[in-house]
Amino acid sequence: MKSFSGFVRGTLAVDAFLFLKAGLIGLSIAAPVGPIGLLCIQRTLAHGARIGFVSGLGAAVADGVYGAVGAFGLAAVTQFFVTLALPLAVGGAAFLGWMGVQLYRTVPLARPAGAADDGGAWRAFASVFALTLTNPMTIMSFIAVFATIGGDAATTGTAAGIMVLGVFCGSALWWLALASAIATVRQRIGTRVLQAINRTAGTFLLGFAIWQLIAVMR
C-alpha cells in the first residue's frame, strides 16, 4: 500500500513538474512584445481588460493547437503546415497589414468614466487566433521544445496533454496579467492620446507585415 501511494505521489510530482515547465514555455512564448502583444495592448486601452484578455486568449489557443501537434507527434499535420508555410505567411502578412491600416484609421470615441465597451469579443478572439496560426514556423519551435522537455514522455497521451495544458495556461496567464496591468491606466488616457496610440500601433503592425513579406521573399 505504501509503495502504491509513493508511486502515485511520484507520478503526480512528475506531472506537476512537466506542467510547470510547459507553463513557463507558454509564458516565454507569449511575453515578447510583437504584433500580437501590441494589438492586445491597444485593444485593452480602447475597449477594456476583457477585450484585451480575450484577444490574448486567441493567441493562447493557437499556441495550444501548435503545441498539441508538437506534443502528440502528429507528423502528417506537421507536414501539412510546413507545406503551406509560404501561403500562410503571405496571407498572415496581408491580414496583419490590413489590421494595421484599419487601426491607423480608427477614430476613438469619447467614453464616460468607468465605461467598458465589448468591442466584439468573438471578433477579437478570432482575429488574433487566425493571426497566430498564420505563422507556421511556430510549430517547428513547439516540436523542438516538446522533444526537449518531454523526452520519451511526450509519446504518451497523458504527458502530451499535460504539456499542451501547461503551454496554454502559461500563455493565458501572461495575457491576463498584461490586460489587467494596462487596464489600470486606461481611464487616464484621453481620446487624443488614444488616437495617437492607434496610429502608432497601426504603423507598427503595417511595418511587421512588410517585414514578414520581405522575409518570405528571401
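Begin with the largest nonpolar core of this predicted model, a set of 21 residues. Select Ile 36, Leu 39, Leu 131 and Trp 175, the members with the most contacts inside this core.

Next, colour the helices that supply at least two residues each: H2, H3 (49-71), H5 (85-105), H6 (121-133), H8 (157-183) and H9. Which helix gives the most to this core? The answer is H2, with 5 residues.

Now centre the view on Leu 39. Apart from neighbours within four places in sequence, Leu 39 is in contact with Met 99, Leu 103, Val 128, Leu 131 and Leu 205.

A second, separate core may then be selected; among its 6 residues are Ala 22, Ile 162, Met 163 and Val 167.

For the last stop, display H2 (residues 35-47) together with H9 (residues 191-217). Two packed helices are described by the angle between their axes and the distance between those axes. Here the axes of H2 and H9 come within 10 Å and cross at roughly 160 degrees. Angles over 145 degrees count as roughly antiparallel, and H2 and H9 are therefore roughly antiparallel to each other. Their crossing is left-handed.

To see the contact itself, show these side chains:

- From H2: Pro 35, Leu 38, Leu 39, Gln 42, Leu 45 and Ala 46.
- From H9: Leu 194, Ile 197, Asn 198, Ala 201, Phe 204, Leu 205 and Phe 208.

Of the residues in this contact of H2 with H9, 11 are nonpolar, 2 are polar and none is charged.

Notes: Residues numbered from 1 in each chain as written. Predicted model: local features only at pLDDT ≥ 70, side-chain atom pairs only at ≥ 80, totals over all residues. Heavy atoms only, no water. Axes fitted to C-alpha atoms, helices over the stretch in contact; angles between N-to-C directions. Helix = DSSP H or I, 4+ residues; strand = E, 2+ residues; numbered from the N terminus. Parallel < 35°, antiparallel > 145°, perpendicular 65-115°, else oblique. Left-handed = near helix turned anticlockwise from the far one by under 90°. Contact = heavy atoms within 4.5 Å. Nonpolar A, V, L, I, M, F, W, Y, C, P; charged D, E, K, R; others polar. Core = buried A, V, L, I, M, F, W, Y, C linked by side-chain atoms within 4.5 Å. Buried < 20%, exposed > 50% of the residue type's maximum accessible area, 1.4 Å probe, protein only.
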